[in-house]
Amino acid sequence: MGSMADQQLYAVFTLIDITLALPPTSVKCETSFSAMKLLKNKRRGRLRAGRLNDVMMVKLTSPSINEFDPDLAIKHWMVILKPMLL
């Protein structure tokens with residue numbers, strides 16, 4: 001066992017780690033709820049949790065249509081598909 005000073009220092013470092021792990025704002029959470037509100041409407045009210053999670057991941061991590069570069073996507077697709085065709 002360490003001394004009392006070592007234990008207190010460890011407790012301070014643990015508190016610092018926890019504080020740094022917490023997000024400073026709730027923007028990420030609010031963005032997720034806004035995306036869910038747009039996705040889960042009357043027509044899609046029966047989306048199960050797994051499917052809703054998948055659709056939200058695409059919505060939240062994909063570039064906007066203005067930022068999307070189809071050439072990069074095609075090149076990426078060709079790199080993945082080409083070995084399968086040979």
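These legends describe close-up views of a predicted model.

**View 1. A nonpolar surface patch that includes Leu 9.**
The patch consists of Leu 9, Val 12, Phe 13, Ile 16 and Leu 20. Together these residues have about 500 Å² of accessible area. Leu 9 belongs to helix H1, which covers residues 4–21.

**View 2. The packing of helix H2 against helix H3.**
Helix H2 spans residues 27–39, and helix H3 spans residues 49–61. The two helices pack at an angle of about 115°, and their axes lie 10 Å apart. The crossing of H2 and H3 is right-handed. On the H2 side, the contact is made by Thr 31, Ser 32, Ala 35, Met 36, Leu 38 and Leu 39. On the H3 side, the contributing residues are Leu 52, Val 55, Met 56, Lys 59 and Leu 60.

**View 3. Leu 60 and its contacts.**
Leu 60 sits in helix H3. Leaving aside residues up to four places away in sequence, Leu 60 touches Thr 31, Ser 32 and Ala 35. The relative accessible area of Leu 60 is 37%, so this residue counts as partly exposed. Leu 60 and Met 36 are separated by 24 residues in sequence, and their C-alpha atoms are 9.9 Å apart.

**View 4. Thr 31 in helix H2.**
Thr 31 is one of the H2 residues that make the contact with H3. With a relative accessible area of 41%, Thr 31 is partly exposed. Thr 31 and Ser 62 lie 31 residues apart along the chain, with a C-alpha separation of 14 Å.

**View 5. Ser 62 in the loop between H3 and H4.**
Ser 62 has a relative accessible area of 37% and is therefore partly exposed. In sequence, Ser 62 and Leu 38 are 24 residues apart. In space, the distance between them is 15 Å, C-alpha to C-alpha. Leu 38 is among the H2 residues in the contact with H3.

**View 6. Lys 75 in helix H4.**
Helix H4 runs over residues 70–85 and contains Lys 75. Lys 75 counts as exposed because its relative accessibility is 57%, and the exposed class is over 50%. Lys 75 and Lys 40 are 35 residues apart in sequence. Their C-alpha atoms are 33 Å apart in space.

Key:
Residues are numbered from 1 along each chain as its sequence is written. This is a predicted model: local features need pLDDT of at least 70, side-chain atom pairs count only at pLDDT 80 or more; totals for chains, interfaces and linings use all residues. Side-chain values use heavy atoms; hydrogens and water are left out. Patches are made of residues with over 30% relative accessible area and no salt bridge: like charges are joined within 9 Å, nonpolar side chains (Val, Leu, Ile, Met, Phe, Trp, Tyr) within 5 Å. Accessible areas come from the Shrake-Rupley method with a 1.4 Å probe; for residues, only the protein chains shown count as cover. A salt bridge is a side-chain nitrogen of Lys or Arg within 4 Å of a carboxyl oxygen of Asp or Glu. Helices (H or I, at least four residues) and strands (E, at least two) are DSSP runs, numbered from the N terminus. Axes are lines fitted to C-alpha atoms, for helices over the stretch in contact, and angles run from 0 to 180 degrees between N-to-C directions. A crossing is left-handed if the near helix is turned anticlockwise from the far one by less than a right angle, and right-handed if clockwise. Contact means heavy atoms within 4.5 Å. Buried means under 20% relative accessible area, exposed over 50%, partly exposed in between (1.4 Å probe, protein chains only).
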